[in-house]
Amino acid sequence: LVWWDGDQKKWTGTDTPDFDVEKAPDYVPPDDARGPAAIRGDHPFIMQADGLGWIFVPQGLVDGPLPAHYEPHESPFANPLYGQRANPARQQNELAEDPDDPPGSEEYPFVLTTYRLTEHHTAGGMSRFLPYLAELQPQMFVEVHPKLARERGLEHGGWATISTARSAIEARVMVTDRMRPVRIAGVERHQVGLPYHWGTRGLTTGGAANDLTHMTLDPNVHIQEVKALSCDIAPGRRPKGSALPESVARKRAEAER
C-alpha cells in the first residue's frame, strides 16, 4: 500500500502514510535521539510510544493480554481453535427472565444479527416519531436468504416469527441474497437479519429486536452481544397475550432436553 521512493526520498503509494514521510526505512536513530527522531525507519507505527505495533495489551484488559477467538455467548458452533467455547470472563447474570439459548441447540439453529438502518436517525426513538423518516422505513422487517425462505416456507412480504429463549417477535419478510449463509466446519448455517430500531410507540411500530437478545456483557466495555446470537424463524405471526410466554417456555424446554 505504501513504499519508499528512493528518487523522491519519501514514502508514497496508494494509501496515506501515517508516519514521517521523509524518514527512510534504513534510518537508525542516534543514541541521544528523543521523540519521533528516536523511532527507526523500519518501525513506522504511531499507536505506541516505541514505534512498534503490539499484539498484546500489558494492562487494562480483563480477559488477558493477548487476542483470542471465542464464540459468542450463544452460538450454533463450538470453538474450532480450542476447548474454551465462549469468553470465560464475560459478564453473565442470574436473572430468570434472561435465559440462554443452549449452544448448538437445533431449536435455535440460525445465526441472528442486528443492525442500524441508514434512514434511522441515531435510534428508533427519534426516527419513528418523524414523519419523513417513518415514511422511508414504514415497517419492521426480517432479512433472510432465498434458500432459508424456501426451507422454512417464508414468503417475501409475508409474516415471520423470530424466537429465542427469551421471547418472540414478528416481522415482515424480506427475501434477499445479501443475507448469505455461512459454512463452518462443513456445516451450512443461515443468518437472520433484524434492524433494531422498532418498538411499541411512534408513527410506525413493530417488534423490538432487543426483546430477543440476552444481557451477557463483554468484560471490558460492558456491552451486550446484540450482533451475534442464535434464533429460530417460522412463517406466520407470533402468539398474542399469555400465549406468547407459554410458547416461548415450551420451545425453551424442548431446547434444554
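A: Let us begin with a term: a residue is called buried under 20% relative accessible area, exposed over 50% and partly exposed in between, with a 1.4 Å probe and protein chains only as cover. By that rule Asp 232 is buried, because its relative accessible area is 9%. Please keep in mind that this is a predicted model, where local features need pLDDT of at least 70 and side-chain atom pairs count only at pLDDT 80 or more, while totals for chains, interfaces and linings use all residues. Residues are numbered from 1 along each chain as its sequence is written, and side-chain values use heavy atoms, with hydrogens and water left out.

Q: Which residue does Asp 232 meet in a salt bridge?

A: Its side chain meets that of Lys 251, at 2.8 Å from N to O; a salt bridge here is a side-chain nitrogen of Lys or Arg within 4 Å of a carboxyl oxygen of Asp or Glu. The pair links distant parts of the chain, since Lys 251 is in helix α4 and Asp 232 in strand β10, 19 residues apart. Helices (H or I, at least four residues) and strands (E, at least two) are DSSP runs, numbered from the N terminus.

Q: Which residues are linked in a network with those two?

A: Glu 107 and Arg 152 are linked with Asp 232 and Lys 251 in a network of salt bridges. Lys 251 also has its charged end over the ring of Tyr 108, 5.6 Å from the ring centre. A charge counts as sitting over a ring if NZ of Lys or CZ of Arg is within 6 Å of the ring centre and within 35 degrees of the ring normal. Another case is Arg 237, whose charged end sits over the ring of Trp 159, 3.9 Å from its centre.

Q: Back to salt bridges, how many are there by this rule?

A: The count comes to twelve salt bridges. One of them joins Glu 74 and Arg 166, whose closest N and O atoms are 2.8 Å apart.

Q: Where does Glu 170 find its salt-bridge partner?

A: Glu 170 forms a salt bridge with Lys 240, with the closest N and O atoms 3.3 Å apart. Glu 170 is in strand β6 and Lys 240 is in the loop between β10 (229–235) and α4 (243–256), 70 residues apart. Glu 170 counts as buried at 12% relative accessibility, whereas Lys 240 is partly exposed, with a relative accessible area of 46%.

Q: New topic: how many aromatic pairs are there?

A: The count comes to five aromatic pairs. The rings of Trp 4 and Trp 11 have their centres 5.8 Å apart and their planes at 70°, so this pair is edge-to-face. Rings of Phe, Tyr and Trp (its six-membered ring) pair if their centres lie within 6.5 Å, and planes under 30 degrees apart count as stacked, over 60 as edge-to-face and the rest as tilted. Trp 4 is partly exposed at 23% relative accessible area, Trp 11 is buried at 14%, and together with Phe 19 the two form one aromatic cluster.

Q: What about Trp 54 and Phe 56, which kind of pair do they form?

A: They form a stacked pair, 5.4 Å centre to centre with 5° between the planes. Trp 54 is partly exposed, with a relative accessible area of 36%, and Phe 56 is partly exposed too, at 37%. Phe 56 lies in the loop between β2 (10–13) and β3 (110–115).

Q: Last one, how does β3 pair with β9?

A: They pair in the parallel sense over five bridges, where two strands pair if DSSP finds at least two bridges between them. Leu 112 has Val 192 in β9 as its bridge partner. Strand β9 (residues 191–195) is mostly covered, with four of its five residues buried.
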